[in-house]
Each structure stands twice: as structure tokens, then as C-alpha cells.
Amino acid sequence: MEALRQDDPRRFGPYTTLARVRESAVAVHFLARGADRDGLALVTAARPALASVPAFRRRFRSEARTAERLAGGPVPRPDVSPEGDGLWTATAYVPAVTLSEAIGLAGPLPERAVRVLGAGLAGTLSRVHASGAVFQGLAPGTVLVAEDGPRLTAFGPLGAAAHAEAREGGQLSVRLGYLTPEQVEGQEAGPASDLFVLGLLLAYAATGTTPLADGPAEEAAERIAHGSAELGSVPVGLRALIAGCLSKDPADRPTAGSVAAELAPEGAADRAQGGWLPAVLAAAVTDQAARARALEPPAGPVDDGPRVPPVEERTPTDAVPTGAALPDGGAPGHVVPPGGGHDGDPGEDSRTTRFLGTGARTPRSDRATAQLTLPEEVTNTAPPRLPAAGPPPAQPYAHPAFTAAPPALPAAAPPAAAPRTGPVTGRRALLTAVAAGAAGLVLGGAAVAALGSDGSASATTDEKPTAEPRPALPGRPPEPRWTYARPAKAPAPLTAGVWQDRLLVLTDTAGATAVDLRTGRKVWERADAAGAQSVLTAGEDLCFLAAPTEFLWLSPEDGRIRHRVRFADQFDGVPDMKVAPLTGQSGSVLWFTGSHTVTVRAPKPKKGKKRGKDTQVVKAYFFAYDVVRREEVWRVAVPAGRAPGTPAYRLIAARKADLVVRQDAGTLTPADVRAGQGKAVFRCFDRTTGKPLWNRRFGTVAPGGAAAGDQEGRLFGAVGDDLGAFETGSGKPLWTLNGTASSVFGTPVAAGALLHTTNRDQEVGAVERATGKVLWRRSTEVPAGDGCPALTLSGSGRTLLAADASQVTAFAAADGRRLWKFQDIGAPAPEGAAVTAPYRVLATGKTSVVVQRERAFYAFPVE
């Protein structure tokens with residue numbers, strides 16, 4: 001859920017919009033309140049570009065009428081827009097997440113939950129088929145997972161569309177996310193087609209992957225039409241039923257009614273009683289409900305274009321008004337730990353924000369530490385330039401749930417005026433809503449330099465400061481040393497890397513760009529280095545880029561390509577090599593995997609027999625390559641991965657004598673998945689020769705579970721809800737750090753004698769690497785369920801930064817003191833869509849870090 005954007009409608013008929021909920025290929029879903037202010041509604045509004053197409057309008061209203069006929073149970077009754085009042089429907093709001101969101105939060109669902117899900121969907125399909133219609137609206141994004149069972153939000157191919165566009169001549173092009181064998185062969189979809197898609201959905205819910213349908217559309221269509229579904233990871237009790245739904249012949253598939261009866265003889269609603277969702281999903285639904293209830297429409301009439309005040313009238317906002325009481329009755333700046341605890345207790349964090357419905361822990365607010373930064377049209381040091389005539393520009397709708405009166409702040413001396421060095425940015429972006437319960441929001445609280453139209457930063461340099469930095473305020477991030485943003489029309493960065501603590505090197509599909517880490521100014525831009533996906537250091541004088549087909553060495557001074565090595569020329573015996581993302585680097589040596597396809601000729605037939613067919617076999621290798629000498633160190637044959645065949649390895653530990661890697665779960669073949677039995681297989685290679693030393697599993701660390709190693713021969717991995725330490729030489733468990741039912745640990749970071757941890761409860765902490773003893777644990781104050789924060793240590797090792805999709809939180813690495821938070825909407829995409837990319841932190845030197853949010857970059861001083 002996020003705040004409304006500037007161009008979002010504020011009304012749909014009698015409904016006043018409160019927030020955005022989610023988007024699909026054809027519509028935007030809004031949370032709204034009706035004219036009577038009783039109850040909330042979910043408004044589904046067609047995208048304007050599609051709503052103008054007659055064929056789309058007819059189909060949209062047809063699917064709305066289908067929903068009206070089927071209303072009841074898991075199908076909400078819609079209120080359909082009248083002719084001439086746009087194209088939208090409204091249904092009663094039910095707190096829920098989509099199936100795809102549920103899998104992203106909790107992973108594969110337990111068998112009981114899959115049965116409830118399947119029985120509810122099959123029951124609805126049975127009603128549809130009894131009327132002689134075909135549903136065609138099933139997809140991971142159209143199935144809602146609610147507290148009392150599943151819900152459906154689409155009633156035809158529009159809702160389930162993976163892509164839709166208006167074409168010339170008033171035509172409408174719609175591509176479905178899931179196809180069936182009969183549709184691939186050009187036949188019409190029938191009731192049995194819905195059962196095939198139901199089988200795909202149930203397999204997805206049970207395993208987190210979709211048999212047959214994953215991968216490129218063309219390959220998926222071929223597998224759907226002719227391939228056999230790999231169901232080895234599906235629970236045994238569901239395997240036969242799902243296999244029947246996925247039969248190639250529609251006549252062999254079961255009916256919807258029989259599926260519903262087999263999955264839940266007592267009925268989906270009865271089976272869902274008492275709670276059917278995993279704890280993390282139940283908490284997410286509860287939290288969403290609380291956040292929705294907290295939203296209130298503005299008092300009085302709502303216009304579609306509310307006024308924006310001039311720049312000088314804007315004031316910062318914070319979640320805790322001056323002198324206001326906290327929810328527990330305390331005063332701002334003073335909180336009581338739950339149960340009377342104290343800050344020294346590593347098991348509790350008494351200085352975090354209270355969130356709604358996030359489990360037993362009730363973190364409290366410490367200070368107003370969240371900040372949203374938005375480059376203004378004018379700098380903070382120059383008078384605003386207002387339009388010469390005409391009404392003021394429209395203001396993004398500032399919802400009361402996301403703003404509050406500002407706290408009193410210490411007065412700071414006004415900065416010295418500085419001339420503006422770049423053109424004014426004409427782009428206005430809408431602040432995204434911070435999660436409910438965040439300590440505060442500040443618009444323009446940091447004196448961020450405005451961005452020039454070429455993406456260069458009008459930044460304060462070290463030699464010629466244009467203004468005195470503002471004093472540091474408790475909990476707020478330090479003033480950025482500089483900001484830089486890629487132009488809105490430029491492709492989004494593919495990757496960003498730091499070279500020798502001197503340059504920030506960005507790559508995209510149009511080229512490579514270098515930014516001076518001291519000033520934030522663009523140094524060079526090279527179009528002939530387009531498409532690189534990794535940025536590394538190659539000695540003292542060259543920057544190394546890895547592209548899909550070649551390696552490049554660039555001059556850091558001007559970006560000129562000094563050396564170019566194409567894989568076809570460098571690696572003999574591996575023609576047309578396909579390379580996976582780099583495994584890792586240590587010193588001048590990097591490791592990567594590559595593969596190619598060879599033809600194995602059929603053996604010579606016996607006399608009188610026909611010669612057999614030649615076969616295509618993928619051969620894969622693991623390479624070590626010296627980027628300074630520009631030569632291969634060694635290669636070793638390894639098992640091929642999932643089609644197209646290149647296994648992707650991730651470096652777990654690079655030690656003096658060996659290195660430990662793990663293959664990415666997405667590149668495992670079905671045979672690998674079966675052999676692994678739900679556990680990850682780690683491989684160890686001799687660092688000098690590449691000789692394979694061992695393959696080993698560690699506890700129940702899953703193929704996609706978090707894992708990291710250290711120089712002392714330990715491996716740390718997520719084991720269910722816990723974090724375990726193992727001895728790599730023997731696989732022997734060393735210690736276990738217990739988590740909660742919803743914690744799920746992320747990738748830890750080793751530093752000296754400490755191991756910094758992260759989990760889905762949005763907690764970070766530190767334990768002793770040797771013993772697992774907890775030293776401290778703190779919350780980032782982000783609602784649970786959005787994945788684990790990614791950890792980065794500053795170059796000095798004194799500051800730990802946790803980055804996720806909502807914010808960056810800085811902690812003192814030694815004792816966990818929360819230092820500051822930073823939030824920013826980033827540079828909007830060309831079409832004006834809000835930025836949803838997660839934050840990323842790059843350590844640069846010992847005293848600074850660069851925070852990235854897609855196109856926007858900020859350099860912060862740190863300890």
C-alpha cells in the first residue's frame with residue numbers, strides 16, 4: 001500500500017480514494033471510502049491508455065457483469081461505474097495479499113493451506129462452469145489470500161493478463177500469464193482449461209515455482225504443449241491431483257467440483273476455520289487491515305486537483321507532534337521497555353516504533369528518525385522562483401495518516417547563498433507512504449542539492465563549499481556530501497560499483513558512466529561499454545567490466561576501453577560460451593561459470609539398422625580468471641544447470657587454500673532438486689588448481705536459504721527459522737541462534753570476531769562468531785514481511801547499514817545504537833511511476849557510503 005500519486009483520481013463516483021493498493025497489467029487498485037464513510041472499498045480502475053479502446057471497455061464491463069452474476073462467498077459483488085463516469089468497479093475491501101505476494105513473503109505454503117486455497121478456487125470454478133462459461137481469470141496476481149479463505153479479483157482474461165496494450169485501429173492485445181496445451185495449439189479455451197491453470201497455481205503455491213510455465217514465453221509454451229511437469233517437490237498428498245489437472249488432454253482432467261471435494265470434503269470455509277495461513281502471512285494481513293483502518297479521507301469536499309502551496313509555505317512534517325503523548329501514554333523522547341526491560345537486554349529492543357499486528361514484540365518509538373528526501377525545484381539557499389502567472393501547481397494529496405505536525409527543532413544558522421550552477425528540475429514526484437508507525441517524515445529536511453537536467457549533481461565540493469552544513473540532529477541522517485541522479489530518459493542502471501574508492505561506476509544498456517566519489521560530478525560516459533553487469537577493480541590503473549559476451553578494461557581517467565576480451569577469442573574449446581553472473585572476486589582473480597552446447601553423434605548402427613539421432617549436450621565449466629594478467633588460471637568441468645544450461649554459482653567463502661560456492665536455486669535441474677531433497681549442496685574447490693574437494697549439505701539449509709562463510713572454516717546458514725553455524729570440513733554443527741516462527745534469517749556479514757545478522761522480523765544484530773552468543777539485537781522499524789534487510793559495513797567497520805525496500809537504517813556496529821534512517825522516492829521513471837526498487841548501500845573508503853535507489857545516489861559520511 002502506498003500514498004496516492006499526483007495524477008491519481010481523488011474520486012470514483014461516490015468513493016473517495018485513500019491510497020494505492022497494487023497494480024496489474026490493465027488496472028490500478030485503490031483503497032477508498034464510500035460517501036457514507038462506513039466501510040472501505042477496493043476500487044479497480046482501468047488504465048487510461050486501455051480504457052479508451054472500445055474493445056477493452058466492452059470486455060471490462062463484460063467481466064464486471066460476470067462478477068455480479070457470481071457474487072457470493074469468495075467472489076465480492078462489484079459496484080460498476082455508470083456510463084460516462086470512467087471505467088472502474090468497486091467491491092468491499094477485504095484485507096488480503098495476492099498469492100504471488102504470499103509466496104514472496106512466506107515461501108511455499110503448507111499442504112493444509114494449499115488445500116484451502118485450491119478448494120476455494122475450485123468451488124468458484126464449479127459455479128462458473130455450471131453456467132456454461134469459462135473463467136480464464138486465474139493467475140498468481142488475481143488470487144487473494146485473506147484470513148477466512150481465498151478471494152478472486154478477476155473474471156476473465158483481462159484480469160489475468162500479464163501484458164496488455166492498445167494497438168492502432170482500436171485493437172486490443174492481451175497476453176495471458178498462463179496458457180494451456182489447447183491454447184498453444186490454437187484451440188478455444190474450455191472449462192478444462194481453467195483446471196489446467198488451477199493445477200499450475202496449486203503447484204506454485206506448494207513449491208514456489210510453476211511447472212512448465214517458468215522461463216521465456218516461447219520456451220514455456222513449448223513445455224506446456226509437449227513437456228512433462230516436474231512435480232517431485234509437490235507434497236505427496238497433492239501430487240496425483242495436480243498431475244491430473246495438468247494432463248495434456250482436456251478430457252483427462254478432473255472437474256472443478258471433484259477437485260474441490262477431494263481437497264476439502266468439509267468445504268474450504270470450514271477447513272479454513274481456526275486459521276489457515278502461516279504466521280507471517282496472518283501478520284501481514286492483520287497489519288494491512290490496521291493500516292487501512294488508520295486511513296481517513298480529508299474533511300470536506302475533495303477536488304481532483306488540490307492546491308500545492310508555494311515552496312516557501314511548505315513545512316516539514318513528523319509523525320510525533322511537539323508535546324504529543326505517545327500511544328502508551330509516555331512523553332516523546334521517553335519510553336518504557338516492554339516488561340520493564342532495559343537497553344542492555346539483547347533479546348529486546350526497547351527503542352523502536354510500535355507497529356500494528358506484527359507479532360508478540362511491540363517495539364516502541366525512540367526518536368523521529370525517518371526522513372524522505374526529495375530534490376526541490378530550487379535550492380534551499382536561493383529564493384524560490386514562482387510561475388509568472390496562473391494558478392499554483394497541484395499538490396500531491398497529503399493524507400493525514402502519513403503526515404503530522406512538525407516537532408520543534410533547534411534553530412540553525414541560515415546557510416550562505418550560493419549561485420545555482422545547473423538548470424532547474426521541472427519534475428515533481430509524489431512522496432511514497434512510509435509504513436504505518438514510522439517515527440517521522442521530513443520533506444526537504446536535508447539540504448539536498450537540486451539535480452541538473454543532464455543528471456549531474458549541483459553538489460557541494462570539498463574545495464569550494466557553497467554553504468555551511470546543517471548541524472547533525474539526533475536520529476536524522478547526516479547531510480549528503482553530494483547527490484547524483486541518472487536522467488529520467490536514460491535506462492535504469494544495471495549495476496553500480498566502486499573503483500579504488502575514487503569512482504562510482506554505473507552501467508546500463510546504453511553505456512557506462514563514472515562519477516567522482518569526492519564531488520558527485522560525472523567524469524565520463526562511454527556508449528561502447530553498454531550492457532556490462534559487473535564492475536570490479538583490475539589492479540591500480542584499470543576498471544574492469546563484465547558483459548554477457550566479453551570482458552572490458554577501461555581507463556578510470558576518461559573511460560576509454562584499453563582492452564577487450566571476447567569470450568569466443570579467449571576461452572579455447574568453449575565456442576559460443578554463455579556466462580552466468582560472476583561468482584565472486586578475491587584479489588586479482590575472479591570466478592565465473594560458463595557453458596556451451598555440443599553435438600554428440602549417434603553411434604554407427606549395426607548392419608541393416610537405421611542410424612539414431614544426434615543429441616545436444618550442454619557442457620559446463622567453472623573458471624578462475626586473472627583480471628590483471630588477463631588470462632585464464634584454471635577451469636574445471638561441473639554439472640550443467642537448468643536450461644539453457646549454465647549453472648550460476650554464488651561465492652560463500654574464499655579462503656587461502658580453497659573456496660566454497662553454492663549453486664543458485666533457479667539454475668538447478670529437476671534432477672538436482674530431487675537429489676537435494678530440499679537441501680542446498682555446497683561445493684568446495686582448491687583455490688590454486690580448481691580441483692573439486694567436496695560436495696556437502698549443512699543441516700537443512702535450503703537451496704535458496706541464506707548462507708555465508710568465514711576464513712576460519714565456518715559456514716553460517718538459515719536453518720528453518722534459526723541461524724546455524726557449521727564446520728565446513730566435516731559438516732558438524734557448531735551452534736544455533738534460535739529465531740521466531742516468522743524470523744527467517746538473511747545473509748549474515750562477518751566482521752572480526754562478530755557476525756552481524758538480519759531476519760524477516762526486520763531485526764539486525766550481532767553475535768559472537770565462535771559461540772553464537774547474542775550481543776545485541778535491534779529493529780529497523782519496518783513492518784515485518786518484506787524480506788530481510790541487506791547488511792553493509794562501513795569501511796571502518798564501525799557503522800552497520802541495513803537496506804530494504806523502505807529505507808536505510810544505520811546502527812553502531814559495536815553496540816547496536818540506532819544512529820539514523822534515510823528514505824527517498826528516488827528519481828521517477830520516464831512515465832512518472834513511483835520508484836519501488838530496494839535501497840542498496842556501497843561502502844566507499846573508511847568514512848563514507850553511497851546509498852542507491854534505482855537512478856538516485858546519495859553520498860553520506862559515516863564513522
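Colleague: What makes strand β39 (residues 790-793) and strand β40 (residues 799-803) partners?

Modeller: Four bridges join β39 to β40, and the two run antiparallel. Two strands pair if DSSP finds at least two bridges between them, so four bridges make β39 and β40 a pair. One spot to look at is L791, which stands opposite A802 in β40. The two strands form a hairpin with five residues between them, and G797 in the turn has a positive phi of about 80°.

Colleague: What should I know about the model before we go on?

Modeller: It's a predicted model, where local features need pLDDT of at least 70 and side-chain atom pairs count only at pLDDT 80 or more, while totals for chains, interfaces and linings use all residues. Residues are numbered from 1 along each chain as its sequence is written, and side-chain values use heavy atoms, with hydrogens and water left out.

Colleague: How many helices and strands does the chain have, and what counts as one?

Modeller: There are 13 helices and 45 strands.

Colleague: Why is β1 called an edge strand?

Modeller: Start with its sheet, which is open and has six strands in the order β1-β2-β3-β4-β6-β5, with antiparallel pairing. The edge strands, β1 (11-12) and β5 (79-80), each pair on one side only. For β1, the antiparallel pairing with strand β2 (residues 15-23) covers two bridges, so it meets the two-bridge rule for a pair. In that pairing, R11 stands opposite T16 in β2.

Colleague: Which strands stand at the edges of the sheet holding β31 to β34?

Modeller: That open sheet has four strands in the order β31-β32-β33-β34, again with antiparallel pairing. β31 (707-709) and β34 (733-737) have a single partner strand each, so one side of each has no neighbour in the sheet. On average, neighbouring strands here are turned by 20° against each other, ignoring direction. Three bridges join β31 to strand β32 (residues 714-719), and A708 has F716 as its bridge partner in β32.

Colleague: Why do you call α3 and α6 roughly parallel?

Modeller: The axes of α3 (residues 99-106) and α6 (residues 191-207) come within 9 Å and cross at roughly 20°. Such axes are lines fitted to C-alpha atoms, for helices over the stretch in contact, with angles from 0 to 180 degrees between N-to-C directions. Angles under 35 degrees count as roughly parallel, over 145 as roughly antiparallel, 65 to 115 as roughly perpendicular, and the rest as oblique. At roughly 20°, α3 and α6 are therefore roughly parallel. Their crossing is left-handed: that means the near helix is turned anticlockwise from the far one by less than a right angle, while clockwise would be right-handed.

Colleague: Which residues do α3 and α6 use to meet?

Modeller: L99, S100 and I103 in α3 meet L201, Y204 and A205 in α6. By class, that's five nonpolar, one polar and no charged residues. Nonpolar covers Ala, Val, Leu, Ile, Met, Phe, Trp, Tyr, Cys and Pro; charged covers Asp, Glu, Lys and Arg; the others, Gly among them, are polar. Contact means heavy atoms within 4.5 Å.

Colleague: Is P250 buried, exposed or partly exposed, and how do you know?

Modeller: Buried is under 20% relative accessible area, exposed is over 50%, and partly exposed is in between, using a 1.4 Å probe and protein chains only. P250 has 30%, so it counts as partly exposed. It lies in the loop between α8 (236-245) and α9 (256-263), and it touches E182 and A192, leaving aside residues up to four places away in sequence. Across the chain's 863 residues, 49% count as buried.

Colleague: What makes R630, E854 and the A643 to P644 bond worth a look?

Modeller: Most residues other than glycine have a negative phi, and most peptide bonds are trans. R630 sits in the loop between β25 (615-626) and β26, and E854 in the loop between β44 (848-853) and β45 (856-861). A cis peptide bond joins A643 and P644, with omega about 15°.
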